[in-house]
Amino acid sequence: SAIRIELSSLTIGNGLAEEGDKVIIQDLSNATIDAVNWGNDTDTSVFPIPPTAPAPDESLVRLPNGTDTDTASDWSSSSSPSIGIAN
């Protein structure tokens, strides 16, 4: 089963860097549920070699939908993100 997270504003924290950043989802006990870094992020705590940062008109998406092997190859850039659809 999945939990849908809706943001109350259009930003996450201080915003996400287009050139490289990371998102880590944790539960209430701070255990990591999922994580991704991308682009020029020099923090290798998620993936040693992160997926390429998406272009300004693209999003980083998990492909194929529903696949999670905990590797950077799960992620790809897309101009058709699946906002509001289970991934």
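N37 is buried, and its relative accessible area is 0%. Keep in mind that we're working with a predicted model.

**Exercise 1.** Where in the chain is N37 found, and which residues is N37 in contact with, leaving aside neighbours within four places in sequence?

*Solution.* 
- Start with the element: N37 sits in strand β2.
- Next, check the cover. Buried means under 20% relative accessible area, and N37 comes in at 0%, so N37 counts as buried.
- Now list the partners. Once neighbours within four places are set aside, N37 is in contact with D21, K22, D43, V46, F47, P50 and P51.

**Exercise 2.** Which loop holds N30, and is N30 buried or exposed?

*Solution.* 
- Find the loop: N30 lies between β1 (20–26) and β2 (32–39).
- Look at the backbone: phi of N30 is near 70°, which is a positive value in a residue other than glycine.
- Then use the cut-off. Exposed means over 50%, and N30 has 55% relative accessibility, so N30 is exposed.

**Exercise 3.** Where does D70 lie, and is D70 buried or exposed?

*Solution.* 
- D70 belongs to the loop between β3 and β4.
- D70 isn't a glycine, yet its phi is positive, at about 60°.
- With 59% relative accessibility, D70 passes the cut-off of over 50%, so we call D70 exposed.

**Exercise 4.** Which residues does a cis peptide bond join, and what is omega there?

*Solution.* 
- The two residues are L63 and P64.
- Omega for this cis bond is about -10°.
- To place P64, look in the loop between β3 (59–62) and β4 (75–78).

**Exercise 5.** How many helices and strands does the protein chain have, and what percentage of its 87 residues is buried?

*Solution.* 
- Count the elements: there are 0 helices and 4 strands.
- Read them in sequence order, and you get the pattern β-β-β-β.
- For burial, 22% of the 87 residues are buried.
- Last, take the contacts with a separation of 6 or more: 15% of them involve residues 24 or more positions apart.

Conventions. Residues are numbered from 1 along each chain as its sequence is written. This is a predicted model: local features need pLDDT of at least 70, side-chain atom pairs count only at pLDDT 80 or more; totals for chains, interfaces and linings use all residues. Side-chain values use heavy atoms; hydrogens and water are left out. Helices (H or I, at least four residues) and strands (E, at least two) are DSSP runs, numbered from the N terminus. Buried means under 20% relative accessible area, exposed over 50%, partly exposed in between (1.4 Å probe, protein chains only). Contact means heavy atoms within 4.5 Å.
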